[in-house]
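Here is a short briefing to read alongside the model. Keep the viewer open and follow the residues as they come up.

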Amino acid sequence: MRKENHIQMNKYHYVHILNKNTCVIRCISGMQNIYLNSEEKFLFDPKEMIMVNNNNFCIIKHPVKLDEKGNLIYSKHLETINDFDEIKIIYQRNYFPLYPGEKLLLAPRPYPTITTERKIRLRARCDLVDFLGVQRYTDDTWVLYKVYNSEGVLTEDGMYKPVENVEILSESILPEILTISDVLHLKAVSDFVGYEGIERKCGENWNVHRDSNYLYYVDDENCKLVKKFQTTLMEPTFALNLICVTKFYDKFGKVDRNVGDIWQITHEITPYHFISINERLIGRVIRRVIKEGEYVNVSNVFDTESNKNNPHQSKQLIGPCIYFVMPYEILSKTKVIYVLNHNESILLLAKIDVVDTDDKNRVAGEEWVVHGPTKYIPPIGIDVTQRRLDLEIIDTGAVYILDRETAMIRKISGTTYCLGPYEVIWQKPLSSLEYQLAIKNGNHTGGIGTYIMDNYRPARVYRVDQNHAMQLNNYSTNTSRVIFGPQFVIPEAFEIFTTFRMLLYENVVNQILLPLGPKNIITHILVTTSDHAILELAVKITWRFEVNPTDCNQEESEKIFSNLTFTFDITNSISSSIRSIVSRIPFEEFHKRSSEIILNGIFKEKEGKLFFPSNLLAITAIDILSVKPTDEKMSDQISKSVHLAIEILSKSREAEAKNKLLLEEQKSKGTIDIDMIKNEILNEHERISYTKLINENNVMSAINNVKVKAVALAKENELSSQQRLEGVKLQIVEKKIRNNFEQNEIEKSRTMELENMEFCSKQNIEQYERKQREIIETVEHFVDHFGHENIVKLFKMKDYVL
């Protein structure tokens, strides 16, 4: 316990006290009370003394000086004198303090022990001769494998007793425990002969590896451990590509490896491998699994005999197989073997001069076709440019085939056809107008069944509808043909259909199909009557071709295409005829029978139709759709009469509608009144049932309230009785706890009194033993001071007085 100027120290403790006036530090130890003067102060709190047990030691730096008898040497100021920069090893010793200036460099610890698996490394602090008679110089290091005594005899306990002039660098150097997967990389510091009997030169590197668990001591004097690493556990999924750095003998390949040699290590060669100092890892290669039905091409193949890659050599791997890529080899992507059906083929191209699978010599640039059913693996140097399906062309379909060697184009239809090596499908070109007309008139591109090839372009099939005709012109033979519907038409390679413009109703359209009729043309004609009334007539002209498609020769069929502007010609001729007829008739007569006048004027003496033999066209009917006057006064009069008729009709209809509305309103009001009376009757019945339900509900609620109050009173009485019972139980438990606590307190006080009495008796015994030791020490000191012989003489003297 420490205060400002007073401290109470326990046994085996010490403290340093500084005198501020003289700057002298004194050490006080033992169990005592210390009171300081005004000029003194404590440097630290009391510390426990140091004790060194048997076979233990500690190191003190800057130890105090002792005389020959082991007593402290003091200066003239009564201060201990330190031996600075020196160390002192203290062996077995009872409690002792640290004097001012001393420093505990190494706490008490056991002597270093050397066994078959342990050794220690030492270093000389100064020039000396060790106990074996070996001259050691300052900073020399050596390893001690066995312990000798001061006479150079090997001790049995294996403990080394340290001395001041020798420093222990490492107390227990354990051997390197090498497993099957451990490798040591060592480097020689000096020339020496290793444990294996191999001479090692300074700077030499080597690896240590064992096929089983092994204890290996690294000779620290002659070599150093660069690193410890693990071997690579080889698996079937990868391989190691290595290159030789220094010449050595390969125990796996059982050959001498020269600098630059390249080889491969797999799981089949060794289950584990480590990269030694003689080799370097190029790369870790994952296995390439080639399944059945697949193949891979390998280029820049590695030649194991010449130990080089040959850029002009290639090989082919066909599955199923496993392959590890050698250094600098190039593997293509995994390709699937071509399995061709009976309707399939492949187009091949030779890049170099090569021999095909059928032992035929192929020249670079040559193309050929392989037909199915077969299985084909393209050799190296042959590329598959296209995989084809046979063209299954139905009777109503066709394909244009272009031969690139002869530049001939032909049409194939109604068969299954396989393209040759120099044949391609040709697409017939069309102008923009022809393409629009083909789409408008039902371009049909069928004819290949269920198979659609890449870039397949079948010939366009045109549909000629019923009662229509189409003309095709062949410019290579300078001929033409006319096709009547209904049927499909496939033009030849150099055939082009005839396009023309015609009037249909009031529209001008482009066509490739010529309708045979009857068709109608609607045109508007301005005519003038004899009394100078200008009228606009809407006339419908019906026409058709007098031709029989089933019984028609080539000359007759070509006549209908002789005049491609016939619709414009007939409208002009009919218009002029109608103008001339109307100019001779007054307005009132023409207004009454306009159709009769025009038909009699045009078809009189012509059997009811107008026929043109040059193109077999016949006009069968002319109808007047409307007559409109162009004069404003006449049109106003006609419009007024029309308006009056419309007003009279609308007023009569309005009166009928009003009568109907009034009748419906009266009916609806009567139905609404009847519904209101019925609803009031229903409401009264509902009110009566509602009042009955309210009364029954009030009776039930009163009965329930009485029951609830009775139950609540019963539960309240029950809960109060339970609370009283629990209070009595808690009082009983509280009394038990108090009794137990008092008994425990009495037992603790008695045990503390016994412990205090035991401690006091122990202190009395120790004090008595200390006094006895002091008496023994004084007697021993007395005997040592006077000598054994002098004491004997004194006892023999008669006048001796004790």
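Does His 6 count as buried or exposed? His 6 counts as buried, because its relative accessibility is 15% and buried means under 20% relative accessible area, exposed over 50%, and partly exposed in between (1.4 Å probe, protein chains only). Please note that this is a predicted model, in which local features need pLDDT of at least 70, side-chain atom pairs count only at pLDDT 80 or more, and totals for chains, interfaces and linings use all residues. Residues are numbered from 1 along each chain as its sequence is written, and side-chain values use heavy atoms, with hydrogens and water left out.

**The chain as a whole**
- The protein chain has seven helices and 61 strands; helices (H or I, at least four residues) and strands (E, at least two) are DSSP runs, numbered from the N terminus.
- Of its 802 residues, 32% count as buried.
- Among contacts (heavy atoms within 4.5 Å) with a separation of 6 or more, 62% are between residues 24 or more positions apart.
- The accessible surface comes to about 52,600 Å², and carbon and sulfur atoms account for 53% of that; areas come from the Shrake-Rupley method with a 1.4 Å probe, and for residues only the protein chains shown count as cover.

- His 6 sits in strand β1, and its side chain makes a polar contact of 3.4 Å with that of Tyr 35.
- A polar contact is a pair of N or O atoms within 3.5 Å; within protein, one must be able to donate a hydrogen and the other to accept it, and residues adjacent in sequence count only if both atoms are side-chain atoms.
- Tyr 12 lies in the loop between β1 (6-9) and β2 (13-19) and is partly exposed, at 35% relative accessible area.

**A loop residue**
- Asn 71 is in the loop between β8 (56-61) and β9 (87-90), and it is partly exposed at 43%.
- Leaving aside residues up to four places away in sequence, Asn 71 touches Lys 65 and Leu 66.

**Helix α5**
- In α5 (residues 594-603), the buried residues are Ser 594, Ile 597, Ile 598, Ile 602 and Phe 603.
- Their cover includes β59 (534-545), α3 (566-582), α4 (587-592), β60 (610-612) and β61 (617-629).

**Cysteines**
- The structure has zero disulfides (pairs of cysteine sulfur atoms within 2.5 Å).
- Cys 202 is exposed at 52% relative accessible area, whereas Cys 760 is partly exposed at 35%.
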